[in-house]
Amino acid sequence: MKNIFSGLRKPGGYSSRKGPDQQFGIGLWRHNRDRFIRAVDRYYTTSVAIHALSAEDRSPSADANTIIEGTQRLNDLVPVVDEITAWLNTHHPVSGQVVPGHTRNAVGDTPELLTKASSKVAEAVLAASMARTEIIAGRQFGPSAKATDRFISDASQLLERVQENLDGRGQS
């Protein structure tokens, strides 16, 4: 029988699995990843609340489904962010929040694009929260649902730009 604690770090040794500090670092790349994941988690929480409110009436409307389906779209972006930030940490580790000049030359505007992608997910959260408020008030929430869809698409496009940026600079 396998010992369930075998993957834990032992004093003076390392586990066989990479932890988040080893995979994503402790600086800017990890910060960007964590910020993105937190925004996705907040979107999920808001989407669950909208689903629950929609279920009280009957089946979710098309607008509610737009918001709820956004959860899956964002979930599909999480491994992309993980891959990008893990690659960045492996090839261009940054221990702080400032990108050194030589790293900046290598990664271009990648830090800004990652920050903008996280911000777009945060904007989707705000739009979904507005939709939730509109549902509770009994008002139409179609524009808020459309906004969540647009912000998630924007985040996806920004991550595509990051990948193109890094591919053009030698990402494998």
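The charged end of Arg150 sits over the ring of Phe151, 4.9 Å from the ring centre. Such a placement requires CZ of Arg or NZ of Lys within 6 Å of the ring centre and within 35 degrees of the ring normal. Aromatic pairs number zero in the structure; a pair would need ring centres of Phe, Tyr or Trp (its six-membered ring) within 6.5 Å.

This is a predicted model, with local features needing pLDDT of at least 70 and side-chain atom pairs pLDDT 80 or more, while totals for chains, interfaces and linings use all residues. Numbering starts from 1 along each chain as its sequence is written, and side-chain values use heavy atoms, without hydrogens and water.

Now the helices, which are DSSP runs of H or I with at least four residues, numbered from the N terminus. Two packed helices are described by the angle between their axes and the distance between the axes. Axes are lines fitted to C-alpha atoms over the stretch in contact, with angles from 0 to 180 degrees between N-to-C directions.

Start with H5 and H6 (residues 142-167), whose axes come within 8 Å and cross at roughly 170 degrees. H5 is therefore roughly antiparallel to H6 (the term covers angles over 145 degrees; under 35 counts as roughly parallel). Their contact holds 17 nonpolar, four polar and six charged residues. Ala, Val, Leu, Ile, Met, Phe, Trp, Tyr, Cys and Pro count as nonpolar, Asp, Glu, Lys and Arg as charged, and the others, including Gly, as polar.

Next comes H3 (residues 62-91) against H5 (residues 110-137). The axes come within 12 Å and cross at roughly 160 degrees. That makes this pair roughly antiparallel too. The contact (heavy atoms within 4.5 Å) joins Ile67, Leu74, Ile84, Thr85 and Leu88 of H3 to Thr110, Leu114, Val121, Ala128 and Ala131 of H5. Eight of these residues are nonpolar, two are polar and none is charged.

Last, H3 and H6 come within 10 Å, axis to axis, and cross at roughly 20 degrees. They are therefore roughly parallel. Among the H3 residues in contact are Asp63, Arg73 and Trp87; H6 contributes residues including Lys146, Asp149 and Leu166. By class, the contact has 13 nonpolar, seven polar and four charged residues.

Notes
Rings of Phe, Tyr and Trp (its six-membered ring) pair if their centres lie within 6.5 Å; planes under 30 degrees apart count as stacked, over 60 as edge-to-face and the rest as tilted. Helices (H or I, at least four residues) and strands (E, at least two) are DSSP runs, numbered from the N terminus. Angles under 35 degrees count as roughly parallel, over 145 as roughly antiparallel, 65 to 115 as roughly perpendicular and the rest as oblique.
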